[in-house]
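Here's a quick briefing to read with the model open beside you. Take a look at the fold first, then follow the topics below.

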Amino acid sequence: MNIADYYEVRSTEGTYFRLGTPITGPEATAEMVILLAPLILFYTIVKKQYWCSILLLVALQALMQTATRSGVLLTGLNIIFLLFAFNIYLKDVKLKFINLAIPFTVIAYLGTNPEILQTIFYRFTEISSGSNSSFAEQLNRGTVWNNALLAISNSMIIGHGFTRYTEGDYTNFHSLYLTTVFQFGLLLGLILIFGLFYLLVQLFKTYKFNRISINEKILALTLFLSFGAFLVNEFKYEFNRFPSYMLLIYLYFYICIETVKGNKCPKQ
């Protein structure tokens with residue numbers, strides 16, 4: 001990516017750039033890393049596809065360059081939890097060593113590239129400097145979430161359909177849940193949201209209760225964590241904002257559904 005593929009952001013500290021791609025802006029790029037980094041880790045360690053470690057480094061560098069705070073926190077927590085889980089489940093001493101070596105490799109790699117850390121450090125500093133603000137305001141969502149609640153109240157039952165609400169400079173609500181209720185109304189919107197969390201629960205049940213192989217259990221756990229982090233991030237973003245990005249997320253949903261379907265216990 002060259003400078004033309006970055007999003008320019010002006011702040012009190014000057015101008016900095018956030019990484020985007022031809023089909024995803026910075027937030028969506030970070031969200032893709034939230035979803036895919038755990039899977040890359042799974043294929044690297046559990047499936048022994050060690051070349052995937054290169055993809056992990058590329059993904060983490062891209063994540064840092066998006067300067068997305070939630071992306072960094074959620075991906076970091078997922079990786080730490082999965083490395084701990086892998087160390088419990090895996091019996092191969094060699095795999096345990098590789099598992100422990102990965103975080104040190106990532107830290108060393110990022111440490112030798114301090115320039116990619118500067119912007120994200122500044123972004124986290126913004127939160128601490130706004131400690132007296134509301135949570136929504138610290139996420140830069142205060143005004144648009146208030147607009148969302150007002151717009152939803154105007155047609156709470158049937159919604160507004162597939163339209164974008166425009167108020168000032170805002171063309172979306174920066175929240176999947178608010179946008180879904182705005183479009184489909186309270187009843188249907190909550191049903192659709194329930195469907196997403198139902199899939200998350202099924203992934204957990206596949207991991208916890210089904211009599212499947214260790215690798216299949218780890219895959220179900222990996223998808224559960226990445227999908228769960230994605231749903232948390234959707235409180236401040238919405239994957240249905242852009243059709244091209246939405247198709248990528250639907251592909252991920254398909255992988256989750258097939259994992260649940262393929263690992264159900266046979267009926268006695």
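This predicted model has 11 helices and 2 strands in its chain.

**The chain as a whole**
- There are 268 residues in the chain, and 47% of them count as buried.
- Take the contacts between residues at least 6 apart in sequence: 66% of these join residues at least 24 apart.
- The chain exposes about 14,500 Å², with carbon and sulfur atoms supplying 67% of that area.

**A look at Ser 226**
- You'll find Ser 226 in helix H10, which covers residues 214-233.
- Is Ser 226 buried or exposed? Its relative accessibility is 0%, so Ser 226 counts as buried.
- Beyond its neighbours within four places in sequence, Ser 226 touches Ile 34, Leu 35, Pro 38, Asn 78 and Tyr 252.

- Met 156, Ile 157, Ile 158, Leu 186 and Leu 190 make a nonpolar surface patch of about 510 Å².
- One of these patch members, Met 156, sits in the loop between helix H7 (142-154) and helix H8 (176-184).
- Met 156 has a relative accessible area of 37%, so it's partly exposed.

**Aromatic rings**
- The count of aromatic pairs comes to 17.
- One of them is Tyr 177 with Phe 235, a tilted pair at 4.6 Å centre to centre, with 50 degrees between the planes.
- Which parts of the chain does this pair tie together? Tyr 177 is in helix H8, while Phe 235 is in the loop between H10 and helix H11 (243-262), so the pair links parts that are 58 residues apart in sequence.
- Tyr 177 counts as buried because its relative accessibility is 10%, while Phe 235, at 47%, is partly exposed.
- Phe 227 and Tyr 252 also pair up: their ring centres are 6.2 Å apart and their planes are at 50 degrees, so this pair is tilted.
- Phe 227 belongs to helix H10 and Tyr 252 to helix H11, so the pair ties together parts 25 residues apart in sequence.
- Phe 227 is buried, at 0% relative accessible area, and Tyr 252 is buried too, at 4%.
- Phe 227 and Tyr 252 are also members of one aromatic cluster with Phe 230, Phe 239, Tyr 250 and Phe 253.

**A charge over a ring**
- Lys 217 lies over the face of Tyr 207, at 5.7 Å from the ring centre.

Methods: Residues are numbered from 1 along each chain as its sequence is written. This is a predicted model: local features need pLDDT of at least 70, side-chain atom pairs count only at pLDDT 80 or more; totals for chains, interfaces and linings use all residues. Side-chain values use heavy atoms; hydrogens and water are left out. Helices (H or I, at least four residues) and strands (E, at least two) are DSSP runs, numbered from the N terminus. Buried means under 20% relative accessible area, exposed over 50%, partly exposed in between (1.4 Å probe, protein chains only). Contact means heavy atoms within 4.5 Å. Accessible areas come from the Shrake-Rupley method with a 1.4 Å probe; for residues, only the protein chains shown count as cover. Patches are made of residues with over 30% relative accessible area and no salt bridge: like charges are joined within 9 Å, nonpolar side chains (Val, Leu, Ile, Met, Phe, Trp, Tyr) within 5 Å. A salt bridge is a side-chain nitrogen of Lys or Arg within 4 Å of a carboxyl oxygen of Asp or Glu. Rings of Phe, Tyr and Trp (its six-membered ring) pair if their centres lie within 6.5 Å; planes under 30 degrees apart count as stacked, over 60 as edge-to-face and the rest as tilted. A charge sits over a ring if NZ of Lys or CZ of Arg is within 6 Å of the ring centre and within 35 degrees of the ring normal.
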